[in-house]
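Welcome! Open your viewer, find the selection tool, and follow along stop by stop.

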Amino acid sequence: MTIDTLLASAAVLILFGLCIFQLFLIAGKPLGHFAWGGQHQILPRSLRIGSAISILIYIACSLIILAHATMITPLFSPSVQTGIMWALTGYFTLGIGLNLISRSKPERYTMTPIVLILTGICFLLVK
C-alpha cells in the first residue's frame, strides 16, 4: 500500500463520515449546531437541501481523490486531474476559513480540524 493510497483512503473515510453526518441533518436530527453556522438545532428545509447538495459534493470529491491516487480509473487527463486536485485543495482551504469564523463554537471546534485534515491530505496528494 502506498502513501497516496493511505492518504486517499483516509480522505474518503472522512468524507464518508461527513456524508453520514449530513444524512442525520437531513433526517431532522438535532445536530444543526455543528453545521451551517449553528443557528438551528434542527435544520429548516432550505438547509436540508443544502445538506443533500453537500453529500453530492462529498461524493464527487471522493471520486476525484480516488482517481488522483489511481485507486479507480482516472476521470480526466493527468494535467486536468492535477488542476482539479488543486481546486479541491483550495475548496477545503476556504472551508477552514469559513469554519473558523462560524458563530457556532461546536462547528468551529469540530469542523475546522476536519477540513484542515482534508486540506492537508489533498495538498500532499497533489505533488
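Buried means under 20% relative accessible area, exposed means over 50%, and partly exposed lies in between, using a 1.4 Å probe and protein chains only. This is a predicted model, where local features need pLDDT of at least 70, side-chain atom pairs count only at pLDDT 80 or more, and totals for chains, interfaces and linings use all residues. Residues are numbered from 1 along each chain as its sequence is written, and side-chain values use heavy atoms, with hydrogens and water left out.

**First stop.** Select Pro30, in the loop between helix H1 (3–26) and helix H2 (45–68); helices are DSSP runs of H or I with at least four residues, numbered from the N terminus. Pro30 counts as partly exposed because its relative accessibility is 48%. A contact here means heavy atoms within 4.5 Å. Then pick Asp4, which is 26 residues from Pro30 in sequence and 36 Å away in space, C-alpha to C-alpha.

**Next stop.** Select H2, whose 24 residues reach 35 Å from first C-alpha to last, close to the 34 Å expected at 1.5 Å a residue. That expected span is 1.5 Å times one less than the number of residues. Just after H2, click Thr70 to find a positive phi of about 55 degrees.

**Last stop.** Which helix holds Asn99? Select H3 (residues 78–100) and you will find Asn99 there. Asn99 counts as buried because its relative accessibility is 10%. Show its neighbours too: apart from residues up to four places away in sequence, Asn99 touches Glu107, Arg108, Met111, Thr112 and Val115.

Definitions and conventions. Helices (H or I, at least four residues) and strands (E, at least two) are DSSP runs, numbered from the N terminus.
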